[in-house]
Amino acid sequence: MAQSFGQTEINWDKLDKTRFYVVGAGLFTGVSVALYPVSVVKTRLQVATKDAVERNVFSVAKGLLKTDGIPGLYRGFGTVITGAIPARIIFLSTLETTKVTAFRMLEPFRLSETSQAAIANGVAGMTSSLFAQSVFVPIDVVSQKLMVQGYSGHSQYSGGLDVVRKVLRTDGIRGLYRGFGLSVITYAPASAVWWASYGSSQRFIWRFLDHGAKYDEVAPSMQKIMLVQATGGIIAGATSSCITTPLDTIKTRLQVMGHENRSSIKQVAKDLINEDGWRGFYRGFGPRFFSMSAWGTSMILTYEYLR
């Protein structure tokens with residue numbers, strides 16, 4: 001069964017590293033271009049005040065298109081694409097090397113395939129996220145300020161460098177890492193849950209399809225592999241977004257606040273409850289679920305292509 005699952009698993013040692021870094025950067029850029037508007041809408045929903053007119057996905061998107069056209073859906077994209085591609089490479093490199101090590105360390109425990117995949121993928125996801133946050137957090141701070149500028153009373157900026165200059169002037173280098181602890185608490189578990197859910201759900205689906213039986217020595221078709229991986233990505237996105245969206249909402253609000261409106265995690269949570277009740281913690285859940293599922297699935301399919 002291990003051999004059969006190995007035919008469908010994407011492993012670091014199976015990848016052409018040069019192709020992965022060069023071609024992969026281009027493909028991941030394309031995925032970012034396609035999904036970035038979803039992030040802009042999600043961020044605006046999370047920071048909207050109770051007096052904001054645009055309080056759902058369609059009204060936010062419509063408002064952006066009306067005032068700024070298509071460029072409005074790509075506010076802060078230059079900042080993200082400059083830093084996110086190297087950050088993604090760091091993330092994926094750490095993910096794969098850690099996952100291989102985790103699988104080897106778990107072999108003596110003789111766990112089931114599903115449990116082994118969940119633990120190894122979860123540990124790898126959390127570790128890679130911790131490494132990547134040093135790059136991701138400043139990108140988040142700058143890009144999110146650009147995404148919400150002029151919206152619900154937020155400041156206006158002339159570009160990414162203007163954001164960096166003003167943040168450094170008021171808060172110093174710490175300003176670019178505002179919400180770092182909460183980002184680690186948000187993204188490390190989110191990554192762990194995503195990869196654990198993906199790894200275990202993929203095993204479960206293969207078992208459901210009776211792939212992995214001793215008599216089944218023929219590798220499944222490429223179409224079947226990609227369909228199972230895409231389904232696993234959607235399940236993982238749903239699981240991860242359900243668990244971590246409240247933390248992401250609080251983190252986003254903290255990171256876009258100006259120096260004069262600085263607040264605490266406790267106060268942000270209170271404000272959300274006062275404005276929308278407990279539902280406030282799930283602002284932007286739809287776009288976030290779609291983005292996590294689509295990004296993860298696209299990344300997995302890109303992996304398969306690069307392999």
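The model is predicted, so local features need pLDDT of at least 70 and side-chain atom pairs pLDDT 80 or more, while totals for chains, interfaces and linings use all residues. Residues are numbered from 1 along each chain as its sequence is written, and side-chain values use heavy atoms, with hydrogens and water left out.

**Exercise 1.** Work out which residues of α3 are buried and which are exposed.

*Solution.* Start with the helix, a DSSP run of H or I with at least four residues, numbered from the N terminus: α3 covers residues 57–68. Next, take buried as under 20% relative accessible area and exposed as over 50% (1.4 Å probe, protein chains only). Val-60, Ala-61, Gly-63 and Leu-64 come out buried. They sit on the same side of α3, because their arc around the axis (directions from the axis to the C-beta atoms) is only 160 degrees. Over on the other side, Phe-58, Lys-62 and Lys-66 are exposed.

**Exercise 2.** Compare the end-to-end reach of α9 with that of a straight helix, then find its kink.

*Solution.* A straight helix of 35 residues would reach 51 Å, taking 1.5 Å times one less than the number of residues. In α9 (222–256) the end C-alpha atoms are only 43 Å apart. Now look at Thr-244, shortly before Pro-246: there's a kink of about 55 degrees, the angle between axes fitted to the seven residues ending there and the seven starting there.

**Exercise 3.** Which helices each supply at least two residues of the largest cavity's lining?

*Solution.* Go through the helices: α2, α4, α5, α8 and α11 each do.
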